[in-house]
Amino acid sequence: MDTPSQTKKLFDAVLFREIWKAMKVTFKHMFHRPMTFEYPREKRTIPDAHRGALGLLCYDDGRERCVGCDLCEAACPSRCIKVISEEDKSMPLQRYATEFYIDITKCVFCGYCVEACPVNALAMTKMYEYSTPDKRTLLFDKRRLYEIGEQHIEDAKKYLYAHNQEEDDDESRAYRYHFPQPVGKAEVSDS
Amino acid sequence: MALKPVTTPDVEAATIQLSIDGETVSTKQGVSLYDVISRMGKIVPAMCYHYTFDPFGSCGMCLVLQEGKKAPVRSCTAKAAEGMVIRTDGEDLFAARKKAVEKHLSVHPLDCPVCDADGHCELQDMAFQHEVTNLANAKQKNIPEDTRSIVLDFNMNRCIACGECINICKDLLRIDALQFMKKGGFTQVVAKGDQALDCEFCGDCLAVCPVGAITNKFSKYVYKPWQLRKTTTTCNYCGDGCQLYVETKDTEVVRVTSPLSWKNKWGDRGDTVDGHGGLCVRGRFGFQFIDSKERLTEPLLRQGSDLVPAPWIEALDAAAERLVQIKGRYGPDAIAGLITARCTNEELYVFQKFMRTVLGTNNLDSSARYGHLNFVRAVHQALGISRMMNTSADMTKAKAILVVGANVTETNPVASVRIKAAVGTYKASVIVVDSMQTNLAKLASHPTMVKPGTEGLFVKGLVRSVLDQDLIDSRVAAQAPDALNALKSAAQAVCLETVAAETGASVETIHEVAKIFAEAPRAVVLCGEGIVRRPHGYDNVLSLIDLAWVTGTFHKPGSGVNTFVEESNEQGAVDMGVAPEFLPGPVGYEDSTARRKFSEAWGMDVASAQPGQSLVEIIENCRAGKIKALYVVGENPVATLPKSCGVEEALSQLELLICQDPFLTETAQCAHLVFPACTFAEKDGTVTNQEGKVQFVRPALDPLGQSALDWHIMVGIANGMGSSLPYETTQDIQAEIRKLLPGYYNLGQPQPVAADPTAYLQNGYQDAVGARYATNGRADGSERPYDMTLIQLLYHSGKLSTKASGLMEISPNTKALRLSLEACEQLGVAEDGRVRVTSDQGSVELGVEADPSVLPGTCAFPEHFNDPPVKDLVPVEVDPVTRVPYFKLTRVTIEKV
């Protein structure tokens with residue numbers, strides 16, 4: 001094995017060569033773009049197909065999309081969804097979910113529920129900030145899910161688009177299934 | 001099975017041979033080709049086919065290729081013929097079937113996510129199987145949903161016009177409440193005449209609907225099939241013992257379904273003689289009492305005038321302590337027990353053992369005392385058996401059925417389908433002797449209306465007529481000539497003209513009916529309330545046995561004397577010996593060998609040899625202060641017996657009244673201690689149906705709140721009293737029953753019974769028969785013009801069904817007296833009018849309801865409702881032999897208010 005000579009060792013010690021070597025790396029990084037960023041002041045751009053927290057969506061006229069068909073519950077591999085449905089007495093033939101729970105601590109973010117949904121009521125958003133000291137709040141109920149959906153509606157639509165589920169609002173209305181009640185566009189008030 | 005059902009089960013069609021997919025198959029001529037193929041184990045898709053009715057051929061799915069024909073043929077409507085060569089599979093057939101599915105789908109709304117049938121839909125399955133992915137020219141019907149009915153919703157957008165609902169209603173159930181109607185350019189299923197559906201609401205149409213066109217209003221949109229847990233159990237309402245699937249989600253019952261479904265549509269028409277697998281309105285829609293809010297969830301202990309919740313341990317201790325006290329102070333015979341026949345066999349067994357060994361008394365009775373024991377005691381005495389003689393298959397195959405005083409389509413709706421099948425399929429002569437124009441009377445070949453309470457007299461008239469017309473079976477005359485002579489001389493006391501005048505039926509009718517019954521090769525007698533719950537019930541059953549005996553019924557195949565029971569396990573109560581006169585078996589209590597056997601088996605002395613007291617005596621002795629403690633399990637004598645029995649007063653004399661019930665009943669409100677019991681849907685055990693089938697009851701839910709199984713509570717009290725009943729599971733009790741009554745469970749099949757009247761006819765028959773025929777006519781002598789009967793409704797069973805909100809919606813307490821149209825006119829009351837009904841016992845003001853099935857001169861009120869207290873108008877008469885209380889019939893005056 002080739003060992004450095006005593007002379008070279010002496011030179012290196014006198015000239016602090018090792019420090020220069022290290023400083024070279026340091027100075028090189030002064031001209032780099034930073035690899036990390038200062039979360040939470042800065043946030044990363046997330047791709048549209050990202051699988052984040054689930055949200056429930058409404059049509060643009062404010063009506064709930066979910067018909068309580070329970071296919072998401074059937075599709076869920078970690079069994080974290082529970083749907084309780086009922087007849088919507090105000091409209092003929094209409095069914096809706098009275099209760100909707102997603103235990104997000106159990107969720108594996110596979111996105112099967114979104115794929116199963118026949119009316120694209122479920123979508124994944126770019127939201128991931130829901131850490132909490134109280135685990136019980138991680139059982140998302142219907143109200144929370146609609147809140148998430150409302151806050152992240154644009155992301156949710158992009159998610160559906162990225163996953164080839166829904167092109168635009170028109171398609172969301174005239175979707176794969178014909179329902180007894182057609183869903184109209186949001187009315188634009190004249191005022 | 002066959003396209004045209006044969007009219008007698010004994011005629012055989014010619015055997016033929018044909019080739020299916022290269023296999024040679026032999027079958028009967030004229031059978032549907034579809035049946036032949038499915039019996040080979042091949043499944044040809046079909047949506048409109050169900051084996052219970054004739055092929056309809058509307059769906060166009062069951063296509064097969066027949067050699068020599070260019071186009072595929074529908075196998076269901078094609079008849080098998082000699083030498084046919086059939087192919088059931090292939091690309092071309094697949095394509096043709098796919099076309100048919102596409103045709104159905106193109107007008108189907110595809111609202112599967114909303115539809116209740118999603119995941120349990122034949123059209124959905126077919127679409128997957130045939131890989132239908134694209135639909136050209138799909139159009140929508142846009143028909144509004146028909147929600148007029150209170151039970152079923154008809155969504156004709158989803159209908160595929162298979163006609164299964166219509167066919168099963170017409171062919172099998174013979175109700176015929178549905179029809180096709182062309183409306184808005186589409187063929188739709190509507191209730192007859194496009195009115196709101198008003199039928200028996202058995203829901204069999206719902207069961208066979210292959211799509212979601214007919215939906216259940218009580219569970220609409222609240223479930224998806226995959227969320228439900230299915231438990232197979234036995235219905236708790238009547239004695240038919242129908243198998244039902246209780247479907248639960250978490251802790252609630254969502255719906256009840258039955259084996260009848262489009263999912264098992266392959267079968268033999270011959271199999272339906274054992275039942276078609278359907279349910280009645282009570283079974284299918286009367287499940288809400290199970291998870292009712294009114295259920296008791298914790299034990300209650302009386303403190304002053306209130307019942308306050310107490311912990312189990314305290315309540316059980318209190319019960320045990322006070323029972324020990326009373327037993328010590330007054331002796332065991334100061335204690336008595338009553339139990340409902342809705343309990344399982346195991347609970348009934350533990351109850352009688354608890355009463356007889358732990359408490360040491362023979363004062364115990366069950367609700368079988370209200371009528372069924374009349375029948376049991378009579379056949380036990382005369383024929384040495386203890387239940388009805390025939391199976392449901394015998395009923396269907398009978399050539400003559402004599403239905404006396406039994407409104408079976410109301411009381412036992414599913415068993416009555418067997419009689420309807422006898423009428424429809426085998427063209428049996430059905431003789432209905434009843435005081436109401438019952439549903440069965442409308443279908444019967446010989447409807448014979450009699451005045452209420454004269455059914456027994458009519459039977460005596462039939463005996464006289466048989467003797468007069470010399471229709472006596474030759475074997476009878478040879479076997480017991482002395483008994484026959486005794487009967488002949490006794491029957492001289494019966495004058496046919498008097499019978500005709502009393503009953504309202506003509507002498508010719510009596511002769512004709514007697515002739516038909518006596519000459520039928522298979523003759524079945526079916527008696528009901530009109531016999532066993534009317535005065536002289538025991539004697540009347542014996543007269544029926546006389547009739548059966550002289551006409552040779554006991555020698556004929558598939559013939560005999562039968563009854564249907566009101567509560568699910570009345571037969572089990574008798575078999576388990578829950579009556580002072582019987583020990584388990586049942587064997588007579590006076591039988592000392594049997595008593596020794598049970599004493600040894602139980603390791604305790606079976607209660608004293610003296611006969612115990614039955615229901616009415618128990619109540620009387622409570623009032624007299626001789627009985628100090630009463631243990632009531634699920635029974636509700638306060639609400640059942642008329643006020644003149646003084647039940648409430650009697651119970652108030654007691655030092656201790658323990659009630660055990662799922663609900664806080666009227667009786668429980670008087671109790672010192674109330675234990676919360678489970679309903680059948682939380683129980684594990686068996687029940688014996690009227691036919692003798694021992695069937696399983698399985699828990700579909702955990703016990704609600706702190707409620708407990710009935711036998712757990714009994715064992716708890718026994719342990720508290722210091723004597724153990726060594727049971728930990730229901731299986732322990734079953735093992736003991738198996739040991740003591742070998743073959744009782746018999747794998748759920750009825751044990752054949754052999755009726756043998758020989759001993760009865762030789763021992764004392766001659767002496768007894770004279771007295772029996774000497775009492776004729778209705779000896780009430782009342783001047784009041786109307787007969788009022790307390791009737792059972794189709795939609796209710798006892799008081800239990802009034803806790804089921806679904807049934808109360810279908811049939812609420814209308815507080816109305818049912819009167820014939822003529823009587824309404826005579827009294828001058830309109831539909832909304834009110835009348836005052838007065839009997840010797842009191843009077844009550846009621847609304848009026850015109851009921852075409854009520855005969856002139858009679859009126860009726862459902863026995864299920866006590867508001868207003870119509871039952872208190874009826875006097876109580878107690879049978880001298882069987883101590884059965886009769887309180888269903890009285891004479892009243894009706895005045896307009």
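The model is predicted: local features require pLDDT of at least 70 and side-chain atom pairs count only at pLDDT 80 or more, while totals for chains, interfaces and linings use all residues. Residues are numbered from 1 along each chain as its sequence is written, and chains are lettered from A and ligands numbered from 1 in the order in which they are written.

Select the contact between chains A and B, to which chain A gives 17 residues and chain B 15 residues (in contact: C-beta atoms, placed from the backbone, within 7 Å). On the side of chain A, strand 2 supplies the largest share, three residues (strands are DSSP runs of E, at least two residues; helices are runs of H or I, at least four; both are numbered from the N terminus).

Next, select I401(B), V403(B), I431(B) and L544(B), which touch the most other members of the largest nonpolar core, a set of 316 residues (buried Ala, Val, Leu, Ile, Met, Phe, Trp, Tyr and Cys joined through C-beta atoms within 7 Å; buried means 20 or more other C-beta atoms within 10 Å of the residue's own, placed from the backbone). Helix 20 of chain B, residues 537-550, gives the most to this core, with nine residues.

Then display strand 17 of chain B, residues 400-404: five of its five residues are buried, so the strand is largely enclosed by the rest of the structure. A400(B), L402(B) and V404(B) lie on one side, I401(B) and V403(B) on the other.

A400(B) stands opposite S429(B).

Technical notes
Contact = placed C-beta atoms within 7 Å. Buried ≥ 20, exposed ≤ 12 C-beta atoms within 10 Å, placed from the backbone. Pairing = 2+ DSSP bridges.
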